[in-house]
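Let's take a friendly walk through this model together. Have your viewer ready and follow along.

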Amino acid sequence: MPDLGKYAVAVLGSYGATVFLLAVLVGVSLWRSARMRRALREVEARQGTTHG
Amino acid sequence: MQTSARLLPWLAGLSVLCLTAGGIWGFFFTPDDFRQGSTVKIIYLHVPAAMMAINGWIMMLVTSLIWLIRRHHVSALAAKAAGPVGLTMTVIALVTGALWGQPMWGTWWAWDPRLTSFLILTLFYLGYIALWSAVEDPDTAADLTSVLCIVGSVFAVLSRYAVNFWNQGLHQGASLSLDKEENVADVFYLPLLVCIAGFVLLFVTLVLLRTRTEIRARRLQSLLARERMA
């Protein structure tokens, strides 16, 4: 761990906030993608249609 | 859809690789700046995020224009998919900028031309996302958001060039320049390039993933509408 001195809060806060925001964005994107794929598959199975 | 399905794992893997390598290189293996101390490590997050916030809007502008001119549905959905990704980039740039600004400028925020135009761009991102949600008919929503995107592009350009236009305020000029005198030193520049590549790849990956989701959502809506009519 590098010595960040008196700026440790600013630097670690920046990295923490960025990792958190990117993790939320990626998580929500993956969750919504999976949910939509499942819902579409169910409706297609019900209607007897397929998609490419 | 098949091409994007094949591309996605590669893009995701490359973006994780670049972000991890650039982040570790920048955080652990670069020296402190002689003026800014260890806060210079924030550059590896702030600059790529700000770049992608502005370039994301430009990408939305291009796809919106394609929608308006050619009525290509996937381009409208790609613009819609990019909205939340661009918004997250603007929030990262604002938060890391405030955390960097406080120890360097003595203030979290200043009504400086670049910061103010960037804040307005953030509000445009919020308005863009809200407008997509507010209008029920997808084609009307695509038309209205495309117009909003064209108007907001003024602030995307201002965010990038405000320092050059007004030559005042606290924010410095571009960190990356073709002019060797103005560019950051190589020891910071190389890991910064890797981080920028990581942010670009992450942006492309997420936009691709979210565009696929929007295409599926559109198909689901039409199938459900057909079911209701039957």
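This is a predicted model: local features need pLDDT of at least 70, side-chain atom pairs count only at pLDDT 80 or more; totals for chains, interfaces and linings use all residues.

A residue is called buried when its relative accessible area is under 20%, exposed when over 50%, and partly exposed in between.

Staying with chain A, you will find one helix and zero strands. Its radius of gyration is 21 Å, well over the 10 Å that the globule rule gives for 52 residues, so chain A is more spread out than a compact globule. Along the principal axes, the C-alpha atoms of chain A fill a box of roughly 65 × 15 × 10 Å.

Now turn to chain B, starting with helix H2, which covers residues 43-70 and contains Met51(B). With a relative accessibility of 29%, Met51(B) counts as partly exposed, because that value falls between the 20% and 50% cut-offs. From Met51(B) to Val62(B) is a step of eleven residues in sequence and 16 Å in space, C-alpha to C-alpha.

Next, look at how two other helices of chain B meet. H3(B), residues 73-105, packs against H6(B), residues 186-229, at an angle of about 130°, with the axes 8 Å apart. That angle makes H3(B) oblique to H6(B), and the crossing is right-handed. Among the residues making the contact are Leu77(B), Val85(B) and Met89(B) from H3(B), and Phe199(B), Phe203(B) and Ile215(B) from H6(B).

Methods:
Residues are numbered from 1 along each chain as its sequence is written. Chains are lettered from A and ligands numbered from 1 in the order in which they are written. Side-chain values use heavy atoms; hydrogens and water are left out. Axes are lines fitted to C-alpha atoms, for helices over the stretch in contact, and angles run from 0 to 180 degrees between N-to-C directions. Helices (H or I, at least four residues) and strands (E, at least two) are DSSP runs, numbered from the N terminus. Angles under 35 degrees count as roughly parallel, over 145 as roughly antiparallel, 65 to 115 as roughly perpendicular and the rest as oblique. A crossing is left-handed if the near helix is turned anticlockwise from the far one by less than a right angle, and right-handed if clockwise. Contact means heavy atoms within 4.5 Å. The radius of gyration is taken over C-alpha atoms; the globule rule is 2.2 Å times the number of residues to the power 0.38. Buried means under 20% relative accessible area, exposed over 50%, partly exposed in between (1.4 Å probe, protein chains only).
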